[in-house]
Amino acid sequence: METGGYKGYSEAKGTNRLLNNAKAVYVIWLRELIRFLREKARIVTSLIQPAVWLFIMGKGLGSSFAGPQGVDYVKFMFPGVVGMTVLFASLFSSISIVWDREFGFLKEILVAPVSRTAIVIGKALSGSTTAMLQGALVLLFAPLIGMRLSLPMVLEALGLMFLISFALASTGILIAARMESMQSFQLLMNFFVMPMFFLSGAMFPLRGLPAWMGVIARINPLAYGIDAMKSVIIGLHEFALGTDLAVIIVMAAAMITGAVALFNREG
Amino acid sequence: MVKIVEVDNLRKEFGAVLAVKDISLEVEQGEIFGFLGPNGAGKSTTIKMLSTLLKPTSGTARLAGYNIAGQPNEVRRSIGLVFQDPSLDESLTARENLVFHAMLYGVPPKEREERMAEVLKMVDLSDRQTDVVKTYSGGMKRRLEIARGLLHYPRVLFLDEPTVGLDPQTRNHIWGYIHQLREREKITIFMTTHYMDEAENCDRIAIIDHGQIVALDTPDGLKRLVGGEVISLKTADDAEAAAAIAEKFGVQVNRDDEGLHFEIENGEEFIPKLFAELRTRIRSVSLRRPTLDDVFLKLTGHAIREEQVSGKDRMRAHVRMRRAGH
């Protein structure tokens, strides 16, 4: 059949299809990384918030209050500020799906011959990579508050940040899959994300809290993420590192599975 | 002829709202097929179903022989899509946008370079390919999207309101590219528009209103539904000519400052008769065919209207304006 210029890349079957989906994951990941590296202004502004927390809140509160076990307050909150950066970066990257699906590049990806699963995984991986990079930049503040980080410490922190970001980005995708507008995002931030952050142990220790707060903190997955960051960076922790990691991994697995299921059901 | 698009009783309901009401149609290979109707008529919903983005409530369709429900990946490979809303990544260069597209559609790297050069040349963007898309004008972005839609050698190119938000000159250019494209690639083009004058570029048009196809024909065929043409005439003595025309041909003649006007069937054949029979000297004569506006009005009882805007539409209009660089 004479079909004009048509060459037809439609034979993709079996391993070929798997390869195509792997390529799609790579395309989505690479695209976000290029964007991230190209928008220098965004990188700089993303550092302002953690700097304000550290140098104004941290130093300010630190001049009146000491952290637990005699740790400098600003040092105590440092892992929390890193965690906060990762939290906002990864959530925001996946919430951008809402906008991107209607008015952006995501639409191009959604009509391409690739599976929804590949799209969700690509999105989660790219969100966690850029969030990890932003967290890594905050680590650069360490010397300014008189902290020394060893290379193994930094590597552990990076791995941990990636894992936490992956769990959070997957959560974000799960939420974004059913979200209609960006306004709902603001609502979600105020009523869900901020309380979750405050009850994570990032700003004050979870020990000795009123009972109800303690309960919430224990079922707050972010608390385990922050706790793990603290174990790695300042050596203080509430739970065993193994428990922390187990909770984060279970959460990541559950959220990415949910996000994949929800995206596959769309349309 | 090969039927490249076959739509059979396609229907889409959103809750209680019936967006597309059991439409059926066939598009032949190599055609420029137009979907004409107001905003909210169901054009974009239909395209979304045909491109497997949306599951129909009932009915089926085949694209290039593939079923939209059972073989979505094959359908996706066979079509190119240019959306109503921009879907380029503006932080990337034109090249990067194209390379990513080629990777998503599995175009082999060797062929990719050749094809990219080809489509970029076709839309006159070769010399701007390494620029970030953000720096492009609205028309350039649309051209790049068309180029991208063609990259994987699709058999049907869907253009959803390809010229909306562009100025008239750019719109003409885009149409130039579309015609050129059809010549070169022998591709089938399925487009939607709510601009009457644009629909004239199509080989066949389906007029859609409230989710239903109310007529489907060539532009000329559709216009014949209105019946007759409008003839305008200037003569040495309009009063005498008016009386003569009314008497000899039995038509009602309107007279105004511009001259004489009347409607008549087969106007082209009528003009020679007019010259032969009218004693008064004719200074000028013009024949106006009925426009698609006339057709739409006749078929639906209302003019193509702008729908009330929802929040999303407002957002959309905003994005369009921003992207057009106003």
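B:Ala64 counts as buried, because its relative accessibility is 16%, and buried stands for under 20% relative accessible area, exposed for over 50% and partly exposed for what lies in between, with a 1.4 Å probe and protein chains only. This is a predicted model, in which local features need pLDDT of at least 70 and side-chain atom pairs count only at pLDDT 80 or more, while totals for chains, interfaces and linings use all residues; side-chain values use heavy atoms, with hydrogens and water left out. Residues are numbered from 1 along each chain as its sequence is written, and chains are lettered from A and ligands numbered from 1 in the order in which they are written.

**Positive phi angles**

- B:Ala64 has a positive phi of about 50° although it is not a glycine, and this residue is found in the loop between strand 4 (58-63) and strand 5 (66-67) of chain B; helices (H or I, at least four residues) and strands (E, at least two) are DSSP runs, numbered from the N terminus.
- B:Glu161, which is not a glycine either, has a positive phi of about 45°; its place is in the loop between strand 7 and helix 6 of chain B, and it is buried, with a relative accessible area of 2%.

- Strand 7 (residues 156-160) of chain B has five of its five residues buried, so it is largely enclosed by the rest of the structure.
- In a regular strand the side chains alternate between the two faces of the sheet.
- Here both faces are covered, with B:Val156, B:Phe158 and B:Asp160 buried on one side and B:Leu157 and B:Leu159 buried on the other.
- Strand 7 of chain B pairs in the parallel sense with strand 6 (residues 79-82) of chain B over four bridges, where two strands pair if DSSP finds at least two bridges between them, and B:Leu81 stands opposite B:Phe158.
- Strand 7 of chain B also pairs in the parallel sense with strand 8 (residues 188-193) of chain B, over five bridges, and there B:Asp160 stands opposite B:Thr192.

**Helix 3 of chain B**

- Ten of the eleven residues of helix 3 (residues 94-104) of chain B are buried, so this helix is largely enclosed by the rest of the structure.
- The buried residues include B:Glu96, B:Asn97 and B:His101, and the helix is followed by B:Gly106, whose phi is positive, near 70°.

**An antiparallel sheet in chain B**

- Four strands of chain B form an open sheet in the order 12-13-11-14, with antiparallel pairing.
- Strand 12 (254-256) and strand 14 (282-288) of chain B stand at the edges, each with a single partner strand, so one side of each is left without a neighbour in the sheet.
- Strand 11 (residues 229-235) of chain B and strand 14 of chain B pair in the antiparallel sense over six bridges, and B:Ile231 stands opposite B:Leu287.
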